[in-house]
Amino acid sequence: MKTQNALYGIGLFLVFATLAAPAQQVAVDAAMNQSVILAGEKQTAYLRVAMTGFDVEEAERTPVNVAIVLDKSGSMSGEKIHHAKEAAIMAIQRLRKDDIVSVVVYDTTVNVLVPATKLSSKESVLEAVRSIEAGGSTALFAGVSRGANEVRKFISKNRVNRVILLSDGLANVGPSAPSDLAELGRSLGCEGISVTTIGLGLGYNEDLMTQLAMYSDGNHMFAETPTELAGVFDAEFGDVLAVVAQDVAVAIDFDEHVRPVRGLGREVDIAGQRATARLNQLYGGQMKYVLVEVELPAYAGEDVLRASSSPIATVDVTYANMRTESPDRIHKQVAVRLTAEPDQALKSLNKEIMASAVEQIALEKNRWALRLRDEGKIEDARAALMSNSEFLSTNAIQLHSDKLKDQAAMNEQDAQNLDPGTWGRQRKIMRMNQYQVMQQQAE
């Protein structure tokens, strides 16, 4: 099989039948982009471990332990702080008496407005939020750190532990580099605390905000205007209240003849024949996946019996089940069937998995275009984005994927908004879209 301009023709497969998961267990599908591979030549393939959270009723949902951290610096005055307070109040109204909430505000200094407490007296918490007034600088790092301290007071594997950060400006008090916030996010993620970041307006640092969210496995969202905050908070609390699994670990052990090359999208660690990845949470009804590019050997005729009867990869997914309050482990095997007929291999293509691979490879191209634009190479960035749009469009047709079609349109729109007058806004949109694709964040 020859490499084609469209990715449709370059990848190949693996997979075992996936049995239906119990109603209160995460559904795991371990598969590759083709179930039949062509013998006699090395091939690139994509193994995807997809995990879908089970549905849960409101009365059975996991209690939450959430710190709302609000920027109240001078730039937040007026309409911004008004809508931020209204959005926070609306979100708090959705919580139950057994949920824990804290409210932290920061400007030049940090103030714990509401220490971590169960919502037995919701009105007192709402009154504290209503009292917030804007003024001062932006001690973002300290604000997040203080919010995390409040979460730690009641941190539990049987609760959803989350910090939700809202900021409209650049961090200008304390540590302020994206690497500083990335390290903070990584540290909190290791504790089981995710940080969701919400950037408001055009003055915040999107690199800093996405790094903090990514390394703690939280969400990231961009609200261009204050009136969008209610919808953003509503979406975020929809995720917080729908967590069904935490501390998710994925381990993939490959046969000695299969070479794991790299992870696509979310971070994947590869050591020898083992690939591992970690997610802080899974949400009910949402699918998250780990995607690994591998190199398959040139299986010869004598490999047919071995390859068709033995797994070439085994997958273990472990997680804390928030409904049963117990650990779960799901084991899958991935096998390969060989053929000498190219048509048989092509007919076995899993279009959904192939579309995931295309989307993540296109993400890398989009990120490269953003770097070109940051270097001032506007026309080079534009050409890269238009090429990426064509790549996505071709695969959208071949894979019958509306999602890839939408991504193609987004890349074309990116290409049209690279000039200085529109770049500040467009960069934030691009970074948010990149993050959502990489983390498979629900829009």
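Q: Which elements are included in what covers the buried residues of α10?
A: This is a predicted model, in which local features need pLDDT of at least 70 and side-chain atom pairs count only at pLDDT 80 or more, while totals for chains, interfaces and linings use all residues. Residues are numbered from 1 along each chain as its sequence is written, and side-chain values use heavy atoms, with hydrogens and water left out. The buried residues of α10, among them Ala381, Leu385, Phe391 and Leu399, have under 20% relative accessible area, where over 50% is exposed and the range in between partly exposed (1.4 Å probe, protein chains only). With contact meaning heavy atoms within 4.5 Å and helices (H or I, at least four residues) and strands (E, at least two) being DSSP runs numbered from the N terminus, the cover includes α9, α11 and α12 (420–439).

Q: What span is expected for helix α10 at 1.5 Å a residue?
A: The expected span of a helix is 1.5 Å times one less than its number of residues. Helix α10 (residues 378–399) has 22 residues and reaches 31 Å from its first C-alpha to its last, which is close to the expected 32 Å.

Q: Which residue follows α10 with a positive phi?
A: The phi in question is near 50°, and the residue that has it is histidine 400.

Q: Are α9 and α11 roughly parallel or roughly antiparallel?
A: Axes are lines fitted to C-alpha atoms, for helices over the stretch in contact, and angles run from 0 to 180 degrees between N-to-C directions. The axes of helix α9 (residues 351–374) and helix α11 (residues 402–415) come within 10 Å and cross at roughly 10°. Angles under 35 degrees count as roughly parallel, over 145 as roughly antiparallel, 65 to 115 as roughly perpendicular and the rest as oblique, and the crossing therefore makes α9 and α11 roughly parallel.

Q: How many residues of the contact of α9 with α11 are charged?
A: On the α9 side the contact holds Ala355, Val358, Glu359 and Asn366, which meet Lys403, Leu404, Gln407, Asn411 and Asp414 in α11. Ala, Val, Leu, Ile, Met, Phe, Trp, Tyr, Cys and Pro count as nonpolar, Asp, Glu, Lys and Arg as charged, and the others, Gly among them, as polar. On that basis the residues divide into three nonpolar and three polar, and the number charged is three.

Q: Which strands stand at the edges of the sheet of six strands?
A: Two strands pair if DSSP finds at least two bridges between them, and the open sheet has the order β7-β6-β5-β8-β9-β10 with mixed pairing. Each edge strand has a single partner, so one side of each is left without a neighbour in the sheet, and these strands are β7 (110–118) and β10 (220–223).

Q: Which elements are included in what covers the buried residues of α1?
A: Helix α1 (residues 79–93) has 15 residues, and its end C-alpha atoms are 21 Å apart, in agreement with the span of 21 Å that it should have. Its buried residues include Ile81, Ala84, Ala88 and Ile92. What covers them includes β5 (64–71), α2 (122–130), β8 (160–167) and α6 (229–240).

Q: Which residues does glycine 74 contact, leaving aside its neighbours within four places in sequence?
A: Glycine 74 lies in the loop between β5 and α1, where it is partly exposed with a relative accessible area of 32%. Its contacts beyond those neighbours are Gly135 and Gly136.

Q: Which residue in the turn between β16 and β17 has a positive phi?
A: Strand β16 (residues 313–321) and β17 pair in the antiparallel sense over nine bridges. They form a hairpin with four residues between them, and the residue in the turn with a positive phi of about 55° is glutamate 325.
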